[in-house]
Amino acid sequence: MMMKKSIIILTLLIFAISCATLKISKPSFDDVYNQIENEENEYFWEQFHTGNIENVDSIINKLEQQYKKDTTNVIANAHLGFAHIWALSEWQRIPNVTAKVTDHAALSYKYFSKAYQLNSNDKRILGFLADAQMAYGSISKSKKLSRKGYFKGLKSIKEWPEFNKFTIGVTFSSYNPNAKFFQKALDWQWTTLEDCYTSKIDKNNPSIKEFISKEIPEHNLGRDRACYNSWIAPHNIEGYFLHMGDMITKTGDYTAAIKIYELAKSSPNYNTWTFKEVLENRITNAERNTKTFLDKKQKGMDNVIINNSGNLCMSCHKMSKQDKEMFKNYNWPAYFKTNDIYSIKGLKK
C-alpha cells in the first residue's frame, strides 16, 4: 500500500508539472547572486559537504521556506532539486528509509523543471533534470517519460559534455556491463577525459597524470571547471576515477580498472579524500570485484560499485576535516558570483 500511495503521489506531481504553463520573467544576475548567502543556502552546503544525508528532511524544509517566499527564486528551485536527487541517489544511508523515498524522483523533477525554466543557461540543471525524469520513468514504468528524459540528457551532453557525460552516464552504471546503455556510458567516461585533458586517450596507457595534478588557482576555468576540484566538489577528480574504475571492473578488465583507479592518486587533494582507503581497497581487490560487483546480493562499500553504495555524491563532494580546515576562510559566495556558477549570463568557454 505504501508503494502504491507513493506512485499515486508521484503521478499527480508529474501531471501538475506537465500541465503547468508558467510564464516567468528571467532573473537578473544580481537577483540571483544577492541571495546566495541566505541562511537556507548556507545550511544546504554545510550539510551536503559534511555528508549528513540523515538531515535531508531538514534541508528540504528550510529550502521550502525559502521557496515559499519567492517561487521564482532560481537558487531555491535548484537546491531543492539537488536535495531531492541527493536523497534519491544515497537513500541507502537514510535512517528508517521508507517507500516514500521514490517521491524524491518526482520532486527533484518538479524543482529542476522550474529551475531550468527560470534559467535555461544552466546546463548542469538540464543534465540533472534529465536524470530525475529518467528515474521517475523507471519508477512509474513509463518508457515514454524515460525516453524524453534520455533525449534531454543527450541535449545536455551536447551543450556541456565535460559535465554532463558523467551526469547522464552515471545513471547507467548499475546496468549489466553488456547492456547497450552501459557501454555508451562507459564510452562517455573515456571521451570526457579527451574533452577535459587531451585530444586523444590511449586506453591501454591513459597517461594524463600531468593534467590531473595541476593546481588551478581559483578554478577560474569556465566550462572546464567540471574537470578539476573546487570548493563545490573538493574531490571531483578522485570521485570520477573511482566511479569509472568501478564501471571498468564490471566489464572484467581489472587490469585497465587499476590504471584508472591509480589516476585518482594524481589529484593534488588525494591525501585529504575521505574515500582514499576505499579506492586503495579497490586496487587490491580488483580481480575479485569483477565478480563481486555483478552480484546483486552484495552489500558494503568494498563489495558494490560506488553508485550503489549510498555515497555516489559524497565521493566527489564530501569534505574531510582537513578539507574544511583548508576552506575555512574561503569566500565561496564570491567564487560563485565571479565564476557565475549558475550561468545566468551563459556558460563561459
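A disulfide here is a pair of cysteine sulfur atoms within 2.5 Å. By this rule the count comes to 1 disulfide. The model is predicted: local features need pLDDT of at least 70, side-chain atom pairs count only at pLDDT 80 or more, and totals for chains, interfaces and linings use all residues. Residues are numbered from 1 along each chain as its sequence is written, and side-chain values use heavy atoms, with hydrogens and water left out.

Start with the cysteines. Cys196 and Cys227 form a disulfide, with sulfur atoms 2.0 Å apart. The torsion about their S-S bond is about -75°, so the disulfide is left-handed. Cys196 lies in helix 10 (residues 180-196), and Cys227 lies in the loop between helix 11 (209-212) and helix 12, so the pair ties together parts that are 31 residues apart in sequence. Helices are DSSP runs (H or I, at least four residues), numbered from the N terminus. Cys196 is buried, and so is Cys227. Buried means under 20% relative accessible area, exposed means over 50%, and partly exposed lies in between (1.4 Å probe, protein chains only).

Now take Cys313. Its sulfur is 8.6 Å from the closest cysteine sulfur, in Cys316, which is too far for a bond. Cys313 counts as buried at 16% relative accessibility. Cys316 is in no disulfide; the nearest cysteine sulfur, that of Cys313, is 8.6 Å away. Cys316 counts as buried too, at 7% relative accessibility.

Turn to charged pairs. Side chains of opposite charge can pair when their charged atoms come close. A salt bridge is a side-chain nitrogen of Lys or Arg within 4 Å of a carboxyl oxygen of Asp or Glu. The structure holds 11 salt bridges. One of them joins the side chains of Glu39 and Lys62, at 3.8 Å from N to O. Glu39 lies in helix 3 (residues 39-50) and Lys62 in helix 4 (residues 56-69), so this pair ties together parts that are 23 residues apart in sequence. Glu39 counts as exposed, at 57% relative accessibility. Lys62 is partly exposed, with a relative accessible area of 29%.

Lys69 forms a salt bridge with Glu40, and the closest N and O atoms are 3.7 Å apart. Lys69 is exposed, with a relative accessible area of 68%. Glu40 counts as buried, at 12% relative accessibility.

Next comes helix 5 (residues 74-89), which contains Val74. Val74 counts as buried, at 5% relative accessibility. Val74 touches Pro27, Val32, Leu118 and Asn119, not counting residues up to four places away in sequence. Contact means heavy atoms within 4.5 Å. The C-alpha atoms of Val74 and Tyr111 are separated by 9.6 Å, and the two residues are 37 residues apart along the chain.

Follow helix 5 to helix 7 (residues 123-139). Their axes come within 11 Å and cross at roughly 45°. Axes are lines fitted to C-alpha atoms, for helices over the stretch in contact, and angles run from 0 to 180 degrees between N-to-C directions. Helix 5 and helix 7 are therefore oblique to each other. Angles under 35 degrees count as roughly parallel, over 145 as roughly antiparallel, 65 to 115 as roughly perpendicular, and the rest as oblique. In helix 5, Ala78, Phe82, Ile85 and Leu88 meet Arg124, Ile125, Phe128, Asp131, Ala132 and Ala135 of helix 7.

Finish with two backbone angles. Lys141 is not a glycine, yet has a positive phi of about 60°. Lys141 is found in the loop between helix 7 and helix 8 (143-159), and counts as exposed at 75% relative accessibility. Asp340 is not a glycine either, and has a positive phi of about 45°. Asp340 sits in the segment after helix 18 (332-338), and counts as buried at 4% relative accessibility.
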